[in-house]
Amino acid sequence: MTKPATYSSRISTDAPLFESPEASFDEYLDDKTRVVKAIFPDKRRSQRLNEEEWRIQMSPLQFMFLTAWPVIYMRLRYRSRGIGYPPGIPRDVTKVVELDITRWELHGLDNILKLSEFSLCVKGSLYPERRGARSQLKFQLQMNISSVLPPVLSLVPEDVRFAVVESVLKALVEDMKNKVNGSLLADYGEFKKEKLKAKV
């Protein structure tokens, strides 16, 4: 039996979070639809399936001479009051958003790679951490891929495959980091303005 090739990438980052007494970040996070749209702004690529799950078309992935168009099914769940928090998150954090990929599709590789031989695990967490007058937005993401390589790739040297896959994974997690630290915080800024206008 062929042994699967496994690759992983992890990122942990934080960004300054400037909250407003009239519009806390916790209140902003309560609107799941808005949070998802801020991270994935292209309406044509995202579809809400139920209270917790979205179907999202990701940007194409290039692997060697192959191209895949991944579709992920992402679930957002909220934790609060220190109950059920992922490891490493302080229990005094007021709210945590968990991101999980529950299903996936790989369009474009149907004749090369079987989904039964491909495993994708993505887990992330997003939360505000407050220490005195200083607040930060924390974001952690772990991505693991395990796959039985198709014959067309089995002849490629392992170190070359590893370098290529590692660069692809790093690009994916960096893209998610930029969406959170950029798009999400920018939309929170708009949320604060909306709340301020409503009170005038």
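Glu190 and Lys193 form a salt bridge, with 3.6 Å between the closest N and O atoms; a salt bridge is a side-chain nitrogen of Lys or Arg within 4 Å of a carboxyl oxygen of Asp or Glu. Both residues belong to helix 4 (residues 158-199), where they stand 3 residues apart, about one turn of the helix. An α-helix has 3.6 residues a turn, so residues three or four places apart point the same way. Glu190 is partly exposed, at 38% relative accessibility; buried means under 20% relative accessible area, exposed over 50%, and partly exposed in between (1.4 Å probe, protein chains only). Salt bridges that share partners also join Asp14, Asp92, Glu129, Arg131 and Lys138 into one network.

The model is predicted; local features need pLDDT of at least 70, side-chain atom pairs count only at pLDDT 80 or more, and totals for chains, interfaces and linings use all residues. Residues are numbered from 1 along each chain as its sequence is written, and side-chain values use heavy atoms, with hydrogens and water left out. The protein chain has a mean pLDDT (the predictor's confidence in each residue, from 0 to 100) of 81, and 79% of its residues reach 70 or more. Confidence in the chain is highest in helix 1 (residues 25-29), at a mean of 94, and lowest in helix 3 (residues 151-154), at 61. Helices (H or I, at least four residues) and strands (E, at least two) are DSSP runs, numbered from the N terminus.

The salt bridge count is 17. Arg77 pairs in this way with Asp100, at 3.8 Å between the closest N and O atoms. Arg77 lies in strand 5 (residues 66-80) and Asp100 in strand 6, so this pair ties together parts that are 23 residues apart in sequence. Asp100 also forms a salt bridge with Lys123 (3.1 Å, N to O). Because Lys123 lies in strand 7, its pairing with Asp100 in strand 6 likewise connects parts 23 residues apart in sequence. Asp100 is buried, at 7% relative accessibility, while Arg77 is partly exposed at 25% and Lys123 is partly exposed at 49%.

Asp100 and Lys123 are among the residues that line the second largest pocket, as are Arg10, Pro86, Pro87, Glu98, Gly124, Ser125, Gln140, Leu141 and Gln142. Strand 6 (95-107), strand 7 (118-131) and strand 8 (134-147) each give two or more residues to this lining. The pocket has a volume of about 190 Å³. On a 1 Å grid over the protein atoms alone, a pocket is an open set of points where a 1.4 Å probe fits, with protein on both sides within 12 Å along at least five of seven lines, and lining residues have an atom within 4 Å of a point. Grid points are joined across faces, edges and corners, and a volume is the space filled by probe spheres set on the points.

Gln140, one of the lining residues, is found in strand 8 and is buried, with a relative accessible area of 17%. Elsewhere, 6 of the 8 residues of helix 2 (residues 32-39) are buried, so this helix is largely enclosed by the rest of the structure. The buried residues of helix 2 are Lys32, Arg34, Val35, Val36, Ala38 and Ile39.
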